[in-house]
Amino acid sequence: MTFARTLAALAASVGFAGAAFADINVGVTLSATGPAASLGIPEKNTFEMLPKTIGGEKINWIILDDASDTTKAVTNTRKLIAEDKVDVVVGSTITPNSLAMIDVVSDAETPMLSMAASARIVDPANPKTKWVFKTPQNDALMADAIAVHMKANGVKTLGYIGFADAYGDGWLTEIKRSAQTAGIKVVAEEKYNRNDASVTGQVLKLVSANPDAILIGAAGTPGATPQKELVARNYKGKIYQTHGVANPDFLRVVGKDGNGTLLPIGPMLVYEQLPDSNPIKKVAAEYITQYENKYGKGSRTTFGGHGYDTYLLLAQAIPEALKKAKPGTKEFRAALRDALERANVVGTHGVFVMGPQEHNGLDNRARVMIKIDNGQWMLAK
Amino acid sequence: MDLTIAALLTQDGITNGAIYALLALALVLVFAVTRVIWVPSGEFVAYGTLTLAGLQLGKPPGTVGLLAGMAVIAGLMEIYVCARRGEARRIPRQLLVWTGVPLAIAALVWWMAPSNAPLAMQVLLTLAAVTALGPLLYRIAYQPLAEASVLVLLIVSVAVHFALTGLGLWFFGAEGSRTPAFIGQMIAIGSFNVNLQSVLVVVTSLVLIAVLYLFFGRTLYGKALHATAVNRIGARLVGVSPSFAGVLTFALAAFLCAFCGVLIGPITTIYYDSGFLISLKGFVGAIIGGLVSYPAAAAGALLVGLLESFSSFWASAFKEVIVFTLIIPVLLWRSLTTHHHEEDE
């Protein structure tokens, strides 16, 4: 009996001590392995170099890998909320995972910051997205940039080749909509898989339709496969890629066949070429200098930038929430959510102006068109 | 579709088909001799390409570390086995074979990596490094349960596949690589252009198939393997060591896969996890040959390549569906035409 009482007292005191010295727990789940590893790894690198305090409070970054797998992402989220008692969830890297996590975080009333692109993650029509924010640009914003650039350069017909998955399909939908607005006709649609040994068949069909421009809807080095095949088949029109390919490995694999390729991108990638008046330049310079000092020159990717932007949002929101409640409580999480919804932050990708109906908050400042020129990203005119 | 497009698609299909054919041969070889369904064959293809790509960049590829690590493990296993059998005097010889030779290859690759050797030399180094992984893998993962059922060996294969994929991500990173073309030019035959790289792939595949044919028909080692494949117990009775047959088989199969990797590198981008899909297509080819017949497997693999190429033109969204659906009528046909016999286990 005495023993049981002692045990209970001990448990209570430990519990009390835990509450009194509560750090802020940030749970991160990202896709550091599996098909999205090339996106998840720079994000992981970014979280590993972030400061350990915000607003004088200690931050515990708890980083888990979801292996690009939806079930694993949900399990991680439940674990972070139930076992680690996190105050905010960051993740995941890709859209399917992020969409699946929405139910979990909204049930647990925990704010979530996604690093995936789809606009559906923060669709204001879904009441559960009240708790969800995201840092990457919507695909629609990027697709519009491509369509506007095409129209200005006299493109009338467009061919599309993209991944036979959610990324490729999503881009096809977006570019069809943007192209229609710009009066451009989509004359051919082809699909391929990222591991395909050959895309000759698809490319021959595209080239025989002879469009003024071709958009490749792919992410990472697999985007080079159709591009190299198009060059080998003497395609003379303009080639556009999506922002998914913007990493140094793509440049390495595509080599000289990439010259002249155009793509929309968050301005951080070419921050050196931005005018000094652009507020994003300073923020991007800070992040990229820090990242490249640690991981090597030229190692910057826009995906790491999405991760850093979640930190910048938290760095503004956490001190505000701390004024209202103690970390580890339901009130703190609610206050943090409210603070995120009022956030007005200059990030590495653009200027976030959040609002009740706007949980992404980026506008046209979050995109520039760039051109590949001899293995370099150059700001396109 | 006009004649030019059909010709280009055929060329593309035959090129890929030739690579699938080599893989199908490796799969049939391994299954016939050791009863292992060699799921990780694709990883050896990917390791081949990525090792060569690493050498191109002047960096010691991750395979060197893997080779050294596996050599040490195999050496320890040999010491344990010899000690248990009380054959301590065999230890030095076994250590030389299982640890010394692979470590020497690893050291050579590591030492040569930054020297920017000519392409042919880099190809040889790649082949040596990846081929050496084959016997080591057999020694570590399969030999201790060589007498287990086909199902157990398949499960081991799946486990090895996942382990090698994970290690591949760690060694080579998430992004893919390409290697430069051995021959860049196109030659004009009649009215259309033929890529010399494709010709090279087809010709080397044919040469390798011919060499394998001679090896099995004309050499003692080849005949020993053939005997083991036909009747394991009978071969043992006439003095063919099953573990030696297994080691030799895995060396040959690893060599074939590494060669595939070197051939496919200039044609497409290879990722740490690309191998699985490529080997699955080789597997479809091998299934057409019933996992026993080499010519039928090669023909099946060629069919897979052509089907893939043409279906990517007509219905790119359903390409994989079409290729893998092929296996259903083939299995149906095989189960109706071959009479079933119980496995001798």
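## A guided tour of chains A and B

Start by selecting A:K85, which is partly exposed because 15 other C-beta atoms lie within 10 Å of its own. On this scale a residue is buried with 20 or more other C-beta atoms within 10 Å, exposed with 12 or fewer, and partly exposed in between, with C-beta atoms placed from the backbone. A word on what you have open: this is a predicted model, in which local features need pLDDT of at least 70, side-chain atom pairs count only at pLDDT 80 or more, and totals for chains, interfaces and linings use all residues. Residues are numbered from 1 along each chain as its sequence is written, while chains are lettered from A and ligands numbered from 1 in the order in which they are written.

**Stop 1**

Most residues other than glycine have a negative phi, and most peptide bonds are trans. A:K85 sits in the loop between α3 (70–82) and β4 of chain A. Helices (H or I, at least four residues) and strands (E, at least two) are DSSP runs, numbered from the N terminus.

Next, select A:G91 and A:S92. The peptide bond that joins them is cis, with omega about -5 degrees. A:S92 belongs to the loop between β4 (88–91) and α4 (95–107) of chain A.

**Stop 2: A:K156**

Move on to the loop between α5 (139–152) and β7 (157–163) of chain A, where you will find A:K156. Which residues does A:K156 contact, leaving aside its neighbours within four places in sequence? They are A:I184, A:K185 and A:D212, where contact means that the C-beta atoms of two residues, placed from the backbone, lie within 7 Å. For a distance check, pick A:A334 too: A:K156 and A:A334 are 178 residues apart in sequence and 50 Å apart in space, C-alpha to C-alpha.

**Stop 3: chain A as a whole**

Zoom out and colour chain A by secondary structure to see 12 helices and 15 strands. Its radius of gyration is 22 Å, close to the 21 Å that the globule rule gives for 381 residues, so chain A is as compact as a globular protein of that length. The radius is taken over C-alpha atoms, and the rule is 2.2 Å times the number of residues to the power 0.38. Along the principal axes, the C-alpha atoms of chain A fill a box of roughly 85 × 45 × 40 Å. Buried residues account for 54% of the 381 in chain A.

**Stop 4: where the chains touch**

Now show both chains. Their contact takes 26 residues from chain A and 26 residues from chain B. On the chain A side, α2 (37–48), β8 (185–192), α7 (200–209), α8 (224–232) and α9 (248–254) each supply at least two residues. Highlight α7(A), which gives the most to that side, with 6 residues. By class, the chain A side has 10 nonpolar, 12 polar and 4 charged residues; Ala, Val, Leu, Ile, Met, Phe, Trp, Tyr, Cys and Pro count as nonpolar, Asp, Glu, Lys and Arg as charged, and the others, Gly among them, as polar.

**Stop 5: chain B and its helices**

Chain B has 14 helices and 2 strands, and its C-alpha atoms fill a box of roughly 70 × 55 × 35 Å along the principal axes. Of its 345 residues, 45% are buried.

Select B:R35, in the loop between α1 (3–34) and α2 (41–56) of chain B. B:R35 is not a glycine, yet its phi is positive, near 65 degrees. B:R35 is buried, with 21 other C-beta atoms within 10 Å.

Then bring up α1(B) with α12 (residues 294–314) of chain B: their axes come within 7 Å and cross at roughly 145 degrees. Axes are lines fitted to C-alpha atoms, for helices over the stretch in contact, and angles run from 0 to 180 degrees between N-to-C directions. The contact of α1(B) with α12(B) has 16 nonpolar, 7 polar and 2 charged residues.

Finish on α5 (residues 119–142) and α10 (residues 242–264) of chain B, whose axes come within 8 Å and cross at roughly 140 degrees. Among the residues meeting here are B:V123 and B:L127 in α5(B), and B:F250 and B:F255 in α10(B). The residues of this contact divide into 17 nonpolar, 4 polar and 1 charged.
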